Amino acid sequence: AESGEGVLGLVSAFQMAGARRVLASLWRVDDEATRRLMDGLYERMLRPENPLAPADALRESALALRAWKDADGKRPYAAPRYWAAFVAYGR
């Protein structure tokens with residue numbers, strides 16, 4: 001990837017190296033929000049019954065993160081900056 005290509009250049013480099021799918025973020029994201037999102041993503045992709053395709057698992061995980069409430073009933077990850085950065089590339 002050439003300098004200045006950003007995320008798409010990085011995604012292309014992984015795909016040229018043989019990766020069939022790449023999940024990338026478009027901007028820096030909160031570590032805890034990302035951990036929760038990725039836990040949900042892999043849980044949905046790897047469940048024995050009705051596993052989801054990566055893009056579908058990402059969507060469901062993002063929706064769950066958005067709706068998640070803490071002990072006080074607040075939704076700390078409702079803002080798009082916590083869940084909208086992630087994009088699934090490939091099939």
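Loops, core and pocket of a predicted chain

Trainee: Where is Lys69 placed?

Mentor: Lys69 sits in the loop between helix 3 and helix 4; helices (H or I, at least four residues) and strands (E, at least two) are DSSP runs, numbered from the N terminus. The model is predicted, so local features need pLDDT of at least 70 and side-chain atom pairs count only at pLDDT 80 or more, while totals for chains, interfaces and linings use all residues. Residues are numbered from 1 along each chain as its sequence is written, and side-chain values use heavy atoms, with hydrogens and water left out.

Trainee: Is Lys69 buried or exposed?

Mentor: Lys69 counts as exposed, at 52% relative accessibility. The classes are buried (under 20% relative accessible area), exposed (over 50%) and partly exposed in between, with a 1.4 Å probe and protein chains only.

Trainee: And which residues does Lys69 contact, leaving aside neighbours within four places in sequence?

Mentor: Lys69 is in contact (heavy atoms within 4.5 Å) with Lys74 and Arg75, once those neighbours are set aside.

Trainee: Let us step back. How many helices and strands does the chain have?

Mentor: The chain has four helices and two strands. Along the sequence they follow the pattern α-β-α-α-α-β. The C-alpha trace spans about 45 × 35 × 15 Å along its principal axes.

Trainee: What share of the chain is buried?

Mentor: Of the 91 residues in the chain, 25% are buried. As for contacts between residues at least 6 apart in sequence, 53% join residues at least 24 apart.

Trainee: Which residues have the most contacts inside the largest nonpolar core?

Mentor: They are Leu37, Leu65, Trp83 and Phe86, in a core of 14 residues. Helix 2, helix 3 and helix 4 (80-83) each supply at least two residues of this core. A nonpolar core is a set of buried Ala, Val, Leu, Ile, Met, Phe, Trp, Tyr and Cys residues joined through side-chain atoms within 4.5 Å.

Trainee: What does Trp83 touch, beyond residues up to four places away in sequence?

Mentor: Trp83 touches Leu37, Ala62, Leu65, Arg66, Tyr77 and Ala78, with those sequence neighbours not counted.

Trainee: Turning to helix 3: is Ser61 buried or exposed?

Mentor: Ser61, which is found in helix 3, is buried, with a relative accessible area of 2%. Residues up to four places away in sequence aside, Ser61 touches Arg36, Leu37, Gly40, Leu41 and Arg44.

Trainee: Which backbone atom does the side chain of Ser61 reach?

Mentor: The side chain of Ser61 reaches the backbone nitrogen of Leu41 at 3.3 Å.

Trainee: What about Arg59, buried or exposed?

Mentor: Arg59 also lies in helix 3, but Arg59 is exposed, with a relative accessible area of 55%. Its C-alpha atom is separated by 22 Å from that of Ser12, 47 residues apart along the chain.

Trainee: And Leu46, buried or exposed?

Mentor: Leu46, in helix 2, is exposed, at a relative accessible area of 63%. Leu46 and Gly90 are 44 residues apart in sequence and 18 Å apart in space, C-alpha to C-alpha.

Trainee: What is the phi of Asn50?

Mentor: Phi of Asn50 is near 55 degrees, a positive value in a residue other than glycine. Most residues other than glycine have a negative phi. Asn50 lies in the loop between helix 2 and helix 3 and counts as exposed, at 55% relative accessibility.

Trainee: Now the largest pocket: how much space lies in it?

Mentor: The largest pocket holds about 170 Å³ of space. Of the 14 residues that line this pocket, Arg21, Leu23, Met45, Pro54 and Ala88 are the closest to its centre. On a 1 Å grid over the protein atoms alone, a pocket is an open set of points where a 1.4 Å probe fits, with protein on both sides within 12 Å along at least five of seven lines, and lining residues have an atom within 4 Å of a point. The volume is the space filled by probe spheres set on the points.

Trainee: Which elements give two or more residues to the lining of the largest pocket?

Mentor: Those elements are strand 1 (21-25), helix 2 (31-46), helix 3 (54-67) and strand 2 (86-90). The lining residues divide into 11 nonpolar, one polar and two charged. Here Ala, Val, Leu, Ile, Met, Phe, Trp, Tyr, Cys and Pro count as nonpolar, Asp, Glu, Lys and Arg as charged, and the others, Gly among them, as polar.

How values were computed
Polar contact = N/O pair within 3.5 Å; in protein donor to acceptor, adjacent residues only side chain to side chain.
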